[in-house]
Amino acid sequence: MTIDQIQDEIIEEFSEVDDWMDRYAMIIDLGNSLPPIDNAYKTPQHLIEGCQSRVWLNAEEHDGHVFYTADSDAIIVKGIISLLIKVLNGHTPDEILGSDLYFIDRIGLAENLSPTRSNGLLAMVKQMRLYALALKARHDLENK
């Protein structure tokens, strides 16, 4: 599936739920289903700067595709990073870098987060894109 197809699925899932408390519950459930990150990545260099909560993120490249693992000490934030992983995981760096993450606005996520959580969301997206860019650069260097 493309990044846009995954986003459209998420938008459809969230459109079936009107109440934001129920949407938060959906986000928390997504966070609870996030596979655990290896403790080796729960280090300061894997913490995302700009998040009020602690969020650890790692990215690896396999066969030209980026795969993320993450964890957070806050249940809502863990759900948010799991949504981002659901959308971007398994795609090429170019697909990730060229993506418009429109689902964030369409499901009302940004407008229903506190200002500090919104800043954290932007920091998570930025870090995921930076990992994709770094993995692309490394891949390009290795294949010269």
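Is the crossing of α3 and α6 right-handed or left-handed? The crossing is right-handed, a term that applies if the near helix is turned clockwise from the far one, as against left-handed if anticlockwise by less than a right angle. This is a predicted model, in which local features need pLDDT of at least 70 and side-chain atom pairs count only at pLDDT 80 or more, while totals for chains, interfaces and linings use all residues. Residues are numbered from 1 along each chain as its sequence is written, and side-chain values use heavy atoms, with hydrogens and water left out.

The axes of α3 and α6 come within 11 Å and cross at roughly 35 degrees, where axes are lines fitted to C-alpha atoms over the stretch in contact and angles run from 0 to 180 degrees between N-to-C directions. Helices (H or I, at least four residues) and strands (E, at least two) are DSSP runs numbered from the N terminus. The table gives the two sides of this contact (heavy atoms within 4.5 Å).

| Helix | Residues in the contact |
|---|---|
| α3 | Ile76, Val77, Ile80, Ile81, Leu84, Ile85, Leu88 |
| α6 | Arg117, Leu121, Met124, Val125, Met128 |

The largest nonpolar core has 43 residues, and Tyr68, Leu84, Phe103 and Leu109 have the most contacts inside it; such a core is a set of buried Ala, Val, Leu, Ile, Met, Phe, Trp, Tyr and Cys residues joined through side-chain atoms within 4.5 Å, buried being under 20% relative accessible area with a 1.4 Å probe and protein chains only. To this core α3 gives the most, with nine residues.

β1 and β2 pair in the antiparallel sense over eight bridges, pairing being assigned if DSSP finds at least two bridges.

How values were computed: Buried means under 20% relative accessible area, exposed over 50%, partly exposed in between (1.4 Å probe, protein chains only).
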